[in-house]
Amino acid sequence: MMDASPLTSTILFHIGPIPISQAVVTTWGLMLVLPLGSWLLTRRLGREPGRLQAVLETVVVGILEQISEVAGKSARSLLPLLATLFLFIASANSTSILPGMEAPTARIETAAALAAVVFVSVHFYGIRARGLLGYLAGFAKPKLIMLPLNLLSEFTRTLSLTVRLFGNVMSGEFMIALVLALAGLFVPIPLMALELLLGLVQAYIFTVLAGVFIGAAINAQQQT
Amino acid sequence: MSFDWWTFGLQTVNFVILVWLLHRFLYKPVLRFVDARRADIDKEHAEAKRIQQEAQSELKRIHTARSETEAEREAVLAAARTEAEIQAAARLAQAEHDAEELETQARKSLQAERDAAAGETRKIALDLGMDVARRLLQEVPADLRMATWLDRIENHLNALEPGKRDALLVGPASTGRLRVIGAIPLPKASMERWRERLIAILGDDLEIEFAHDPDLIAGVELHFPGAILHFSWRGTLNAMRVEMTADADAR
């Protein structure tokens, strides 16, 4: 539940000069839960998959196939980044339904951090795939006059990633908080269920857009 | 609204660490097993494909063998059919030949029976004719019956050359003896007339005996020492019988 402005981070404590916000603490929690859960689930994998292993494989292979659709042959190398984006954003969005928790993605710093990682990854994979000059030359296509616009779009799409994720999640949480404050304890439950669904949709959108951006950078044809 | 750069930096680092952690504990192990299973599936698929190809080859071989068997069967059938046709033709020809032979034999047998019947009929007819002639001749007086024959014998002997006529009277057993056998016994007067006229032709040394044989029907037979002259209906009828038999055989 939000006890301050939804647009400001809630600082829980400081480590030296570093303020530790609730979003960071929640992220640490997720960083503990997700790998630990993965380790628990994957330590007894076998050739004959059980029910849990089947679900796990379905999730990973499903994400890989989604990445393949937008990034082509480079899907394997992009899997860790893009699958983690999806799992982290989906799980982070879902934390908002827990009492006293707030979704890290409802903070603009988290959304911006993810968008920044995507921004860097786009250029990293683009340069790795096409070489520095080849990649940079891609900004001047299809015409040289498009160079400023292409450069600008690199930043605007990163900004749009940030704002889209932050705005959707933050507004959802804000709305739930308002309804909870005005109507009572159980009234926001349908809204929370809807928020869960929207959180998954946002995770999907963010991941697919990141995949599209990186795929466009890897391939010759620029996509925005 | 404020932007906390510390939070931004920490979240960035956190996310990068999370990428590594999930890659280490989730994606890698899962993909390892997925890849292993996929390899197994590919291997089994390849094996299945190999087996399928083998099955197809086997199927093709079976089809080929079946086609060959079918062709062989057709060839055997054709050969058997040809052999059967040849045998049928041979048997038909043999049957036709046998039938023709049977027909020929039947015809011959029938002809022989006809000939036999005809011969029998002729014999009966001749016997009947002879019987009829004998009965009719019995209506004619004996002198008159024999007189005709005497004239004829006289003409015949007169027509002979003297050498031949003399040869009649010479035989291995006797000489100058004539035996006159008539169909009926000649009366005494007729005998004398016959003797006179024969001696007039053949000479005085001739010794003549008279006898009779009803089988002659009509006429006489002159039994010379060197030959027999037939002037009887039996002789004529026998000659006719021989001629008719020869004529029937010729037909």
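**Figure 1. Overall dimensions of chain B in the predicted model.** Chain B has a radius of gyration of 64 Å, whereas a compact globule of 251 residues would have one near 18 Å. The model shown here and in the views that follow is predicted. Taken along the principal axes, the C-alpha atoms of chain B fill a box of roughly 200 × 40 × 25 Å. Five helices and four strands make up the secondary structure of chain B. Their order from the N terminus is α-α-α-β-α-β-β-β-α. Helix H1 of chain B covers residues 5–139.

**Figure 2. The two domains of chain B.** Domain 1 of chain B takes in residues 1–139, and domain 2 takes in residues 141–250. Their centres, taken over C-alpha atoms, are 96 Å apart. Where do the two domains of chain B touch, in terms of residue counts? Ten residues of domain 1 are in contact with eleven residues of domain 2. The two domains bury about 1100 Å² between them. Carbon and sulfur atoms carry 69% of that area.

**Figure 3. Close-up of the domain 1 side of the contact within chain B.** Which three residues supply more than any other three of the area that domain 1 of chain B buries against domain 2? They are Arg122(B), Leu126(B) and Leu137(B), with 56% of that area. On the side of domain 1 that touches domain 2, the residues divide into four nonpolar, one polar and five charged. Between the two domains of chain B, the count of salt bridges is zero.

Figure 4. The C-alpha trace of chain A spans about 60 × 50 × 40 Å along its principal axes. Chain A has seven helices and two strands. Along the sequence, the pattern of chain A reads β-β-α-α-α-α-α-α-α. Helix H3 of chain A holds residues 75–94. Helix H6 of chain A holds residues 147–183.

**Figure 5. The interface of chain B and chain A.** On chain B, 30 residues are in contact with 49 residues of chain A. The area buried between the two chains is about 3600 Å². Carbon and sulfur atoms give 75% of this buried area. Nine residue pairs are in polar contact between chain B and chain A, both residues of each pair being at pLDDT 80 or more. The side of chain B that touches chain A has 20 nonpolar, six polar and four charged residues.

**Figure 6. Salt bridges across the interface of chain B and chain A.** How many salt bridges cross the interface of chain B and chain A? The rule finds two. In one salt bridge, the side chain of Arg37(B) meets that of Glu57(A), at 2.6 Å from N to O. Arg76(A) and Asp35(B) also meet through their side chains in a salt bridge, at 2.5 Å from N to O. Arg76(A) lies in helix H3 of chain A and Asp35(B) in helix H1 of chain B, so this pair joins two chains. Over all chains, a search of the whole structure finds 17 salt bridges.

**Figure 7. Close-up of the cis peptide bond in chain A.** Lys141(A) and Pro142(A) are joined by a cis peptide bond, with omega about 0°. Pro142(A) sits in the loop between helix H5 (132–137) and helix H6 (147–183) of chain A. Most peptide bonds are trans.

Figure 8. Ile217(B) is not a glycine, yet has a positive phi of about 70°. Most residues other than glycine have a negative phi.

Notes: Residues are numbered from 1 along each chain as its sequence is written. Chains are lettered from A and ligands numbered from 1 in the order in which they are written. Side-chain values use heavy atoms; hydrogens and water are left out. Contact means heavy atoms within 4.5 Å. Buried area is the accessible area (1.4 Å probe) that two parts lose on being put together, summed over both. A salt bridge is a side-chain nitrogen of Lys or Arg within 4 Å of a carboxyl oxygen of Asp or Glu. A polar contact is a pair of N or O atoms within 3.5 Å; within protein, one must be able to donate a hydrogen and the other to accept it, and residues adjacent in sequence count only if both atoms are side-chain atoms. Ala, Val, Leu, Ile, Met, Phe, Trp, Tyr, Cys and Pro count as nonpolar, Asp, Glu, Lys and Arg as charged, and the others, Gly among them, as polar. Domain bounds come from an automatic or database domain assignment. The radius of gyration is taken over C-alpha atoms; the globule rule is 2.2 Å times the number of residues to the power 0.38.
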